[in-house]
Amino acid sequence: KKMIEIEKCSFENLEVVKKIAYLTWPTCYKNIISKEQIEYMLDMIYSMNALEKQVTEKNHHFILAKEKGNYIGFASFELNAELEKTKLHKLYVLPDIQGKNVGSSLLSFIEKEATKELQQAIFLNVNKMNTAIGFYKRHGFSITKEVIIDIGNGFVMDDFIMQKELV
């Protein structure tokens, strides 16, 4: 069995996060949102400036998945984003590697961290059309509400909020 390693992402490695996002998003979202919205959101969320702010100002923790020395996925999370709840902000795996437990390994690492910090639950936003909903349901998450978020430039995120209780 191939070993997937999960490591905390150093500040210097945020470039890897950006690279994986740019390789993943166009495939992940091509049937969900416009090319223009993909480009707008990548720039808004994954510019180096934005990533550095997420770490330094917003308390996002980034982790990387690695296999045979290659980075193949990442996730980010925020402890106590709400009272005793951890928010999963991002979880992406390179398109040709999806379905091989990389996402599960990233999620499991975050659950352990959240549990150590006595968090009651993990929650996330996911686009209502995203096939990842099935992945999260298999991992014990359920849909708790729906939100439409204006992200500027005439674009919105039409999402479900999903949550998993940890206790």
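Helices here are DSSP runs of H or I with at least four residues, strands are runs of E with at least two, and both are numbered from the N terminus. Trace the chain from the N terminus and you'll pass β-α-α-α-β-β-β-α-β-α-β-β.

A quick note before zooming in: this is a predicted model, where local features need pLDDT of at least 70 and side-chain atom pairs count only at pLDDT 80 or more, while totals for chains, interfaces and linings use all residues. Residues are numbered from 1 along each chain as its sequence is written, and side-chain values use heavy atoms, leaving out hydrogens and water.

**Stop 1: the core.** Select Val-17, Trp-25, Tyr-46, Phe-74, Leu-88, Leu-91 and Tyr-136. These have the most contacts inside the largest nonpolar core, which has 48 residues. Such a core is a set of buried Ala, Val, Leu, Ile, Met, Phe, Trp, Tyr and Cys residues joined through side-chain atoms within 4.5 Å; buried means under 20% relative accessible area, using a 1.4 Å probe and protein chains only. Now colour helix 1 (residues 14-29): the largest share of this core, seven residues, comes from there.

Next, centre on Tyr-46. Select Lys-8, His-60, His-61, Phe-62 and Phe-77. Of the 15 residues that line the second largest pocket, these lie nearest its centre. On a 1 Å grid over the protein atoms alone, a pocket is an open set of points where a 1.4 Å probe fits, with protein on both sides within 12 Å along at least five of seven lines; lining residues have an atom within 4 Å of a point. About 160 Å³ of space lies in this second largest pocket. Strand 2 (61-67), strand 3 (70-82) and helix 4 (102-116) each supply at least two lining residues, and strand 2 gives the largest share, three residues.

**Stop 2: Asp-159.** Find strand 7 (residues 155-165), where Asp-159 sits. Is Asp-159 buried or exposed? Asp-159 counts as buried because its relative accessible area is 4%. Show Asn-125 too: Asp-159 and Asn-125 are 34 residues apart in sequence, yet their C-alpha atoms are 5.9 Å apart in space. Leaving aside neighbours within four places in sequence, Asp-159 also has contacts that include Lys-128, Lys-145 and Glu-146.

**Last stop: zoom out.** Along its principal axes, the C-alpha trace spans about 40 × 35 × 30 Å. Of the 167 residues, 46% count as buried.

Terms used
Buried < 20%, exposed > 50% of the residue type's maximum accessible area, 1.4 Å probe, protein only. Points joined across faces, edges and corners; volume = space filled by probe spheres on them. Contact = heavy atoms within 4.5 Å.
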